[in-house]
Amino acid sequence: MPPNNMELPIVELQTERIDYRIILTLVAPKSRVLDMGCGDGELLYLLNKNLETRSQGIEIDHEQIMQCVERGINVLLGDLDSGLTDFKDNSFDYVILNNALQELRYPDDVIKDALRVGKNLIVGFPNFAYYKARLQFFLSGRTPVTPSLPFAWYESPNLHLLTIEDFKAYCAERGFRILSERYVRNQKEIRFRPNLLAQWGIFLITR
Amino acid sequence: MSNAASPEQRIYTSLRTFDFPELKLENGEVLNEVRIAYETYGELNSARSNAILIAHAFSGDAHAAFYHDGESRPGWWDSMIGPGKAFDTNRYFVICSNVIGGCAGSTGPSSINPATGAPYALDFPQITIKDMVNAQKLLVEHLGIEKLYSIAGGSMGGMQVLQWLVSYPYTVKSAIPIATTARHSPQQIAFNEVGRQAIMADPNWNGGNYYGREIPRAGLSVARMIGHITYMSDKSMAEKFGRRTKPDQEPTKFHADFEVEGYLRNRGDFFVRRFDANSYLYISKAMDLFDVSEGRPLSEKFYELEAKLLVLAFKSDWLYPAYQSLEIVSACKIAGVPVTYLEIEAHYGHDSFLVETETQSRLVKNFLARVDAAE
């Protein structure tokens, strides 16, 4: 399904988050959306409000779940590595995996399963090949700590760090089609040399 | 449990009744001259669209909230029902009725059998959760309500919630099954059976014919004691009693040395005064017989649902463990029913649904406020 690019007027875009703004342009109106690791539900709330989506969230944190319910978001307590169990094939038009891929125990299995229950998958992740991370690693020999990768090694939830080129190669290997690729640096979209200059990549992929 | 309101803050309520000529039962029998005892809280709006049905648990009754004249304790879920509370009576019209088979105003084994003029005792037919729900449906219709804004209940109340969804899928806009199951496990049946055996082993039970004579006090009391153990958790018992001993010891062997023993005896004694032993047998059997999907996958029963669900379990509840709630969640996932699920971190065991009100209140209140919101 091609990105809609503002077929529905965005009425309530009260978010500073560039990743949410980008995802809002990737989702078609009135579609069914599953957000894995939906946090406080803000993204689903924005999607529901602006694009009349029907949404479901999965989240592990109890307080975040409470906030989802306050926003009227349907949310299930669950961990992402097993949260998709029971959903039937093609239950959703879009599955969203934003800022969660790198924290998964079994990212390959989850992506495959996400593309089973969803026709499309939106994946957003921090780019480990961002030039400042490369410089830190190259110059100091230490594991990089950057705004998009803000954790020291001993407290990081990230299990599988990856780069934009890694993800593209993975999609090619698995035969997933990339429908849209968007890149962010310092809260702004960029296009030039993303693997070096982007802090974040957001991909829309399909089977 | 619920913080008692000072006398001037108290809202008073009283039991009402609804009589109807007959109820066709699931087993083919017909119950004649049926009475349902119920209470309501708040006002039904002109569109009749703000009604919420509360279904009570095994030993509950219609008195879910507010105060009865002359009583110092409010209804059993007063912490959740009232102005500004989770089930906000400023917004919603809340109904709670005593189940068929009960002993708190609705027709049950202690009621007079119109055919004989004597109490039914064991001539009372074996009722089921479905029969309870069918009776509630008649009450709801009698109150002029076509569609319920929500239906909620814990434990056996949650079973009734599930049965409503399956029996009357188009009449429910939202549902809140709490600490419940789509069918009783062998362990749950086993505990109920021990309770029933305790009652039937009491000579005063007398084949169910004890009305107007000595009641099976000891048996019913033991049944309740077993129940109470299963409603608590190891942790909540340790916190509540520890190994503290009772100071007021009777000079007999096997008296209540420990506080926990004294507590259980008290609960048993208290229960005997308000609950009918035959109702215990009938209702506990109705729970054991319950299988809302009748041996089929639960999801098959959920495809027609228009409701959204809030499913709640409690981490320390070992009598109705979270896996049973997750089975309900699974069915929603398969059938595409919008669902919210949380396993609440409360340590009171199965009793959590009555005792833990902070997280529950927040979730229920916000969930109800958004029932009409787009998904």
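In the predicted model, the axes of helix α3 (residues 62–70) of chain A and α10(B) come within 8 Å and cross at roughly 25°; axes are lines fitted to C-alpha atoms, for helices over the stretch in contact, and angles run from 0 to 180 degrees between N-to-C directions. The helix α3(A) is therefore roughly parallel to α10(B), a description applied to angles under 35 degrees. Helices (H or I, at least four residues) and strands (E, at least two) are DSSP runs, numbered from the N terminus.

At this crossing, M66(A), V69(A) and E70(A) of α3(A) meet R362(B), L363(B), N366(B) and F367(B) of α10(B). Two residues are in contact if their C-beta atoms, placed from the backbone, lie within 7 Å.

The contact between the chains draws 19 residues from chain A and 21 residues from chain B. On the side of chain B that touches chain A, two or more residues come from each of α8 (322–335), β10 (339–344) and α10 (358–369). The largest share, five residues, belongs to β10(B).

Chain A contains seven helices and eight strands. Its C-alpha trace spans about 50 × 35 × 35 Å along the principal axes. Of its 207 residues, 41% count as buried, that is, with 20 or more other C-beta atoms within 10 Å of their own, C-beta atoms being placed from the backbone.

Residues are numbered from 1 along each chain as its sequence is written, and chains are lettered from A in the order in which they are written. Local features need pLDDT of at least 70 and side-chain atom pairs count only at pLDDT 80 or more, whereas totals for chains, interfaces and linings use all residues.

Technical notes. Buried ≥ 20, exposed ≤ 12 C-beta atoms within 10 Å, placed from the backbone. Parallel < 35°, antiparallel > 145°, perpendicular 65-115°, else oblique.
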